[in-house]
Amino acid sequence: MTTKEKIISALTTESDFISGEELAAKLNVSRAAIWKSVDALRNEGYDIEGVRNGGYRLVSLPDKLSAEKIENIIKARSVQPGKIICFEKTDSTNYQAKQCAILVGSFRDQTGTFTKSGAEYHRALFAAEEQTSGRGRMGRVFVSPKHSGVYFSLLYAPKNGLENPALFTAAAAVATCLSIDELYKTNSKIKWVNDIFLGNKKICGILTEGISSFETGKIEAAIVGIGINIKNGDFSEDVAKVAGSIEDFLTSEKKEIPPVSKNELVAHVVSHLLEFYDGFESKDGELLKKMMTEYQNRSILTGKTVHINPAAGMSGETYEAKVLGISENAELIVETPSGEKKILSSGEVSLHSFDFV
């Protein structure tokens with residue numbers, strides 16, 4: 001056993017504090033080795049309380065992602081998961097999903113039947129404790145520090161291709177809100193098109209990307225990436241103006257923080273998401289209506305005046321408009337000061353979290 005493993009073993013058998021001197025003698029190592037190992041364990045997610053002249057006490061074990069646990073929770077919710085791949089650290093879960101999609105080649109043949117590799121990676125989930133190159137819409141950086149949140153991507157290949165990407169993003173937003181509210185007893189909101197808010201802080205971002213087929217020219221599969229901030233991630237001053245976390249919100253509201261694991265949160269979101277996507281496949285109109293009603297009712301933009309900014313690579317000037325609502329196709333319905341009504345797609349405009357006036 002390593003020194004770290006021996007320390008965890010010793011701390012789990014003690015309910016009270018154990019001094020560094022006692023640990024060093026018990027494990028036959030130096031006090032410096034104990035301090036170094038405890039510091040390393042804390043960096044790995046072990047919550048070890050230290051008191052001057054009092055020693056150390058293990059408060060909790062790391063909350064780590066587990067493919068087996070996520071799968072079991074999803075199945076218990078009567079949903080069939082696909083392949084699940086978990087990382088302690090990766091560049092981006094969307095990138096990992098994209099690389100697998102490239103290896104798959106074609107998800108379906110000309111008859112619409114899954115290819116062997118297509119069947120293997122349809123519904124695949126890629127989840128990580130930390131991302132080093134997380135991205136949001138328009139190429140923005142999505143800060144994804146370890147021990148702070150969960151970052152995951154679902155790869156889904158609809159039978160007839162991706163016909164309305166905006167609905168896939170809307171479904172992800174609703175699935176995330178439902179899951180957070182179920183587990184944390186909150187009332188989360190959506191800022192069109194892909195941001196989840198608690199209070200006045202963004203606690204989740206969503207990025208939907210398409211995988212095109214060279215043979216058919218269709219968008220054959222969708223990669224839906226979701227990043228949820230659970231704890232304070234020591235954000236930079238600029239990021240902290242906009243971003244928050246679930247636990248920060250609960251603390252500010254003087255509410256109890258329930259013991260929700262990362263595996264539970266990911267599994268709940270993916271369960272809801274697969275139910276929505278399978279409903280799209282089966283043309284379940286009632287489910288689609290229910291999902292869009294949730295999306296519309298949770299909008300924090302409706303009734304507000306916002307700055308409409310041209311999306312990256314598109315021409316046009318920024319202008320102000322009042323948000324009237326969201327269409328059944330997840331488009332933003334706005335009215336300009338002159339009274340002109342416009343219906344905007346997510347690919348046409350960019351709304352920053354500081355665009356509200």
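Biologist: How many bridges join strand β12 to strand β13?
Modeller: β12 covers residues 332-335 and β13 covers residues 341-344. Strands (E, at least two residues) and helices (H or I, at least four) are DSSP runs, numbered from the N terminus. Two strands pair if DSSP finds at least two bridges between them. β12 and β13 run antiparallel, and the bridges joining them number four.

Biologist: What pLDDT do local features need in this predicted model?
Modeller: Residues are numbered from 1 along each chain as its sequence is written, and side-chain values use heavy atoms, leaving out hydrogens and water. The model is predicted: side-chain atom pairs count only at pLDDT 80 or more, totals for chains, interfaces and linings use all residues, and local features need pLDDT of at least 70.

Biologist: Which residue takes a positive phi in the hairpin of β12 and β13?
Modeller: Leu-332 has Leu-344 as its bridge partner in β13. Five residues lie between the strands of this hairpin. The positive phi, near 95 degrees, belongs to Gly-339.

Biologist: Where does Ala-330 lie, and is this residue buried or exposed?
Modeller: Phi of Ala-330 is positive, about 65 degrees, although the residue is not a glycine. Ala-330 lies in the loop between β11 (319-326) and β12. Buried means under 20% relative accessible area, exposed over 50%, and partly exposed in between (1.4 Å probe, protein chains only). At a relative accessible area of 2%, Ala-330 is buried.

Biologist: Is Asn-28 buried or exposed?
Modeller: Asn-28 also has a positive phi, near 60 degrees, and is not a glycine. Asn-28 sits in the loop between α2 and α3. With a relative accessible area of 71%, Asn-28 is exposed.

Biologist: Which strands stand at the edges of the open sheet?
Modeller: Seven strands form this sheet, in the order β3-β4-β5-β9-β8-β7-β6, with mixed pairing. Each edge strand has a single partner, so one of its sides is left without a neighbour in the sheet. The edge strands are β3 (84-87) and β6 (189-191).

Biologist: What angle does helix α4 make with β3?
Modeller: β3 runs parallel to β4 (residues 124-128), joined by four bridges. Axes are lines fitted to C-alpha atoms, for helices over the stretch in contact, and angles run from 0 to 180 degrees between N-to-C directions. Contact means heavy atoms within 4.5 Å. Helix α4 (residues 67-76) packs on the sheet, touching β3 and β4, and its direction makes with that of β3 an angle of about 140 degrees.

Biologist: How far is the sulfur of Cys-86 from the closest cysteine sulfur?
Modeller: A disulfide is a pair of cysteine sulfur atoms within 2.5 Å, and the structure holds zero. Cys-86 is partly exposed because its relative accessibility is 27%. Its closest cysteine sulfur is in Cys-100, too far for a bond, at 13 Å.

Biologist: Which residues is Cys-100 in contact with, leaving aside its neighbours within four places in sequence?
Modeller: Cys-100 is placed in helix α5. Its relative accessibility is 12%, so Cys-100 counts as buried. Beyond those neighbours, its contacts are Tyr-121 and Phe-126.

Biologist: Why do the buried residues of α1 line one face of the helix?
Modeller: Helix α1 (residues 3-12) buries Ile-7, Ile-8, Ala-10 and Leu-11. The arc is that of the directions from the helix axis to the C-beta atoms. Seen down the axis, these buried residues line one face because they fall within an arc of 165 degrees.

Biologist: What covers the buried residues of α1?
Modeller: Two of the covering strands, β1 and β2, pair in the antiparallel sense over five bridges. Gly-50 stands opposite Tyr-56 in β2. The cover includes α2 (20-27), α3 (31-43), β1 (47-51) and β2 (55-60).
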